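Hi everyone, thanks for making time.

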Amino acid sequence: MAAFFDWFNGDLGLDPVLKAAIAHFWLVTIHPFDDGNGRIARAIADMVLAQSEGSQQRFYSMSAQIRLERRDYYAILERTQKGDLEITEWLQWFLTCLDRAFDGAEQILANVFRKARFWEMIAGETISERQRKVINRLLEGFDGKLTSSKWAVLTKTSPDTALRDINDLVARAILVKDESGGRSTSYSLAETNRV
């Protein structure tokens with residue numbers, strides 16, 4: 001660990017992204033603690049990446065991305081640790097994982113902006129708490145089709161109250177009735193017309 005700290009705190013002129021990858025790898029490989037080595041290694045990688053940007057705000061998390069790709073992460077670590085200490089494959093995996101973290105952050109930010117634009121567009125409208133709850137679920141990517149019965153379950157109301165809430169939003173062009181009708185009538189946000 002003393003050698004690791006000397007290397008980590010030294011001025012090597014190394015690209016900070018590569019430093020984050022190497023520090024992560026070596027801390028996990030040295031494995032100085034009984035538990036938590038992976039969490040500490042991810043925290044160190046995130047810290048080095050944050051320092052390299054010189055910004056107080058970051059919209060991605062390498063640690064979160066590694067947790068999403070846990071199986072591949074453990075596989076690349078094992079292959080690299082059991083080899084001849086050539087870490088090029090690890091560095092390539094780390095860099096592509098970082099790229100996926102950027103992509104994920106872009107998607108999250110795009111969704112946040114889309115939601116903000118939607119709420120901005122209907123700012124003058126009176127929306128009940130039940131309606132707000134379901135609209136937020138739709139904005140977050142509702143699974144399946146929204147029907148009056150699903151609305152009733154989500155809001156813990158009667159089917160009649162659910163239908164009144166829905167009809168109110170349809171009348172104000174906040175929701176639209178999907179093309180398939182009948183007993184399976186479903187509804188979607190009319191955001192494409194509004195945002």
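Let's start in a loop: Lys 156 sits between helix H8 (148–155) and helix H9 (159–171). Lys 156 has a positive phi of about 55 degrees although it is not a glycine. Is Lys 156 buried or exposed? With 74% relative accessibility, Lys 156 counts as exposed. The cut-offs are under 20% relative accessible area for buried, over 50% for exposed, and partly exposed in between, using a 1.4 Å probe and protein chains only.

Quick word on where this comes from. This is a predicted model, where local features need pLDDT of at least 70 and side-chain atom pairs count only at pLDDT 80 or more, while totals for chains, interfaces and linings use all residues. Residues are numbered from 1 along each chain as its sequence is written, and side-chain values use heavy atoms, leaving out hydrogens and water.

Now go along to the loop between H9 and strand E1 (175–177), where you'll find Ala 173. Ala 173 isn't a glycine either, and its phi is positive, near 60 degrees. Its relative accessible area is 38%, so Ala 173 is partly exposed.

Back up to helix H7, residues 129–139: its buried residues are Gln 131, Val 134, Ile 135, Leu 138 and Leu 139. They cover an arc of only 145 degrees around the axis, which puts them on the same side of H7. That arc is taken from the directions from the helix axis to the C-beta atoms. After H7 comes Gly 141, with a positive phi near 100 degrees.

Let's zoom out. What's the secondary structure count? The protein has 10 helices and 2 strands, and from the N terminus the order is α-α-α-α-α-α-α-α-α-β-β-α.

As for overall dimensions, the C-alpha trace spans about 70 × 30 × 30 Å along its principal axes. The radius of gyration is 24 Å, whereas a compact globule of 195 residues would be near 16 Å. That radius is taken over C-alpha atoms, and the globule rule is 2.2 Å times the number of residues to the power 0.38. Buried residues make up 36% of the 195 residues.

One last thing, contacts, meaning heavy atoms within 4.5 Å. Of those between residues at least 6 apart in sequence, 49% join residues at least 24 apart.

Note on methods
Helix = DSSP H or I, 4+ residues; strand = E, 2+ residues; numbered from the N terminus.
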